[in-house]
Amino acid sequence: MSWYCARQLTLAFVTLSLLLGCVSPVNIKVLPYTDFLNVNYQAELSLVFGSDELVPYGKVWIVKSAPSEFKHWENAKLASKPYEFLYFSEEENGLVRKYKIAVYFARTLMNSYGDVNNTPPHYLDCFVCGSLLSAALFEITGNDLKLVSKELFLDQGGSWGNPAKVDFGEIRSINDFSLTVSDAAVHTGSYASYSYKLNYKNGHWFQTNYVSETSRIDDIENSSPDLDEEAE
């Protein structure tokens, strides 16, 4: 290797080392919701669902178009309400910003005739009636919210009209975090469950690590000890 090439490589290595040394680590801190009681709740829902009609079941909106796997929701009039949320701050280079991740659900997936119907109590007698999950990410300044990203069609899971369970996972940065979605139910002698990781990265929501399980529940008389043997 010539002297000139060696010198250029050395300069490149030094420059890269300096650049890496200037990158400050991102500090994430979960914040109590009581710090944000004055944030406008109705404005939040309007930013996500584009509607000003609020009823006891949530924010009313009409599904104008949906991805292929959610086509049966089109033209449905739904009422979405908050389900799970998390407030946190991100500090980088001495600058602190506050954010909120929110998950919403709308009942129900379908009624007994296979049609989308959001009017209770249809979901009460329908095992396959799940809920439509949506999510949004906001930046908070004072009591004002700025919508950073939203996804109206995250999942249509759950049963008996109830949404799937949502747990917040690792918050690595404002552009990189994950949630876990799971559900389990017993119906007509079978146990079914599923779970997956819901990821957000650089403005995109996507699923990974999907796992499902279905098993048959034996009759009680087959799973109980033999009474005659116990008597002996």
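Which residues of the largest nonpolar core touch the most other members? I started my notes there.

**Ground rules.** I am working from a predicted model, where local features need pLDDT of at least 70, side-chain atom pairs count only at pLDDT 80 or more, and totals for chains, interfaces and linings use all residues. Residues are numbered from 1 along each chain as its sequence is written, and side-chain values use heavy atoms, with hydrogens and water left out.

**Entry 1: the cores.** I looked up the largest nonpolar core, which holds 24 residues. Trp61, Leu78, Tyr104, Leu132 and Phe153 touch the most other members. I took a nonpolar core as a set of buried Ala, Val, Leu, Ile, Met, Phe, Trp, Tyr and Cys residues joined through side-chain atoms within 4.5 Å. Buried means under 20% relative accessible area, exposed over 50%, and partly exposed in between (1.4 Å probe, protein chains only). Helix 2, strand 4, strand 5, strand 6 and strand 7 (144-155) each give two or more residues to this core. Helices (H or I, at least four residues) and strands (E, at least two) are DSSP runs, numbered from the N terminus. Strand 6 supplies the largest share, four residues.

I then followed Leu132. Leaving aside neighbours within four places in sequence, Leu132 is in contact (heavy atoms within 4.5 Å) with residues including Trp61, Phe70, Trp73, Leu78, Tyr104 and Phe153. Another core lies apart from the one above; it has 22 residues, among them Tyr99, Ala135, Ile171 and Tyr200.

**Entry 2: Ser80.** I found Ser80 in strand 4 (residues 77-92). Is Ser80 buried or exposed? Ser80 counts as buried because its relative accessibility is 0%. Its side chain makes a polar contact of 2.9 Å with the side chain of Trp61. A polar contact is a pair of N or O atoms within 3.5 Å; within protein, one must be able to donate a hydrogen and the other to accept it, and residues adjacent in sequence count only if both atoms are side-chain atoms.

**Entry 3: helix 2.** I checked both ends. Asn40 caps the N-terminal end, with a side-chain oxygen 3.1 Å from the backbone nitrogen of Gln42. Just after helix 2, Gly50 takes a positive phi of about 60°.

**Entry 4: salt bridges.** I counted a salt bridge where a side-chain nitrogen of Lys or Arg is within 4 Å of a carboxyl oxygen of Asp or Glu. The count comes to six.

- Glu139 and Arg97 meet in one at 3.8 Å, N to O. This pair links distant parts of the chain, with Glu139 in strand 6 (residues 131-141) and Arg97 in strand 5 (residues 95-107), 42 residues apart. Glu139 is buried at 18% relative accessibility, while Arg97 is partly exposed at 39%.
- Asp176 and Arg172 pair at 3.0 Å, N to O. Salt bridges that share partners join Glu170, Arg172 and Asp176 into one network. Asp176 counts as buried at 19%; Arg172 is partly exposed at 32%.
- Glu74 and Lys71 have their closest N and O atoms 2.9 Å apart. Glu74 is partly exposed at 25%, and Lys71 is partly exposed at 44%.

**Entry 5: Leu37.** I ended in the loop between strand 1 (27-31) and helix 2, where Leu37 lies. Leu37 is exposed, with a relative accessible area of 59%.
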